[in-house]
Amino acid sequence: MKGNVGSVDRLLRIIVGLLIAIVGAIFDSWWGLIGIVPLATGLFRFCPLYLPLKISTLKKD
């Protein structure tokens, strides 16, 4: 599994994922579980949706 999420994209995903999860916990809503998706893709540096679209936000060498 080759990474396809760059550093800025990764940071934004982690922040947004945490915010969604926190807001879901504050309002006692199951929607907070959606925050796991951007959080996981940011932590693992891999987005499965990027594969069929052939997108990569990693810097080229």
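Before we start, keep in mind that the model is predicted: local features need pLDDT of at least 70, side-chain atom pairs count only at pLDDT 80 or more, and totals for chains, interfaces and linings use all residues. Residues are numbered from 1 along each chain as its sequence is written, and side-chain values use heavy atoms, with hydrogens and water left out.

Let's begin with the whole chain. You'll find three helices and zero strands, so the pattern along the sequence reads α-α-α; here helices (H or I, at least four residues) and strands (E, at least two) are DSSP runs, numbered from the N terminus. Taken along the principal axes, the C-alpha atoms fill a box of roughly 45 × 20 × 15 Å. Of the 61 residues in the chain, 26% are buried. Buried means under 20% relative accessible area, exposed means over 50%, and partly exposed is in between, using a 1.4 Å probe and protein chains only. The accessible surface comes to about 5,000 Å², and 74% of that belongs to carbon and sulfur atoms. Such areas come from the Shrake-Rupley method with a 1.4 Å probe, and for residues only the protein chains shown count as cover.

Now look at helix H1, which spans 7-26. How many salt bridges does the structure hold? There is one, and the side chains of Arg13 and Asp9 form it, at 3.0 Å from N to O. The term stands for a side-chain nitrogen of Lys or Arg within 4 Å of a carboxyl oxygen of Asp or Glu. Side chains of opposite charge can pair when their charged atoms come close. Both partners lie in H1, four residues apart, about one turn of the helix. An α-helix has 3.6 residues a turn, so residues three or four places apart point the same way. Are Arg13 and Asp9 buried or exposed? Both are buried.

There is also a nonpolar patch on the surface, formed by Leu18, Ile22, Val23, Ile26 and Phe27, with about 520 Å² of accessible area together. Patches are made of residues with over 30% relative accessible area and no salt bridge; like charges are joined within 9 Å, and nonpolar side chains (Val, Leu, Ile, Met, Phe, Trp, Tyr) within 5 Å.

Next comes helix H2, residues 36-44. Its buried residues are Pro38, Thr41 and Gly42. They cover an arc of only 100° around the axis, so they are on the same side of H2; the arc is that of the directions from the helix axis to the C-beta atoms. The buried residues of H2 pack against H1. Zoom in on Thr41, which is buried because its relative accessibility is 8%. A polar atom of the Thr41 side chain lies 3.0 Å from the backbone oxygen of Pro38. Leaving out residues up to four places away in sequence, Thr41 touches Val5, Arg13, Phe46, Cys47 and Pro48. Ala40, also in H2, is partly exposed, with a relative accessible area of 27%.

H2 is followed by Arg45, whose phi is positive, near 60°, although Arg45 is not a glycine. Arg45 is in the loop between H2 and helix H3 (50-53), and at 44% relative accessibility it counts as partly exposed. Lys54, in the segment after H3, has a positive phi too, near 55°. Lys54 is exposed, because its relative accessibility is 76%.

Finally, go back to Asn4, in the segment before H1. Asn4 is buried, with a relative accessible area of 5%. Which residues does Asn4 touch? Not counting residues up to four places away in sequence, they are Arg45, Phe46, Cys47, Tyr50, Leu51, Ile55, Ser56, Thr57 and Leu58. The side chain of Asn4 also reaches the backbone nitrogen of Cys47 at 2.8 Å.

Methods: A polar contact is a pair of N or O atoms within 3.5 Å; within protein, one must be able to donate a hydrogen and the other to accept it, and residues adjacent in sequence count only if both atoms are side-chain atoms. Contact means heavy atoms within 4.5 Å.
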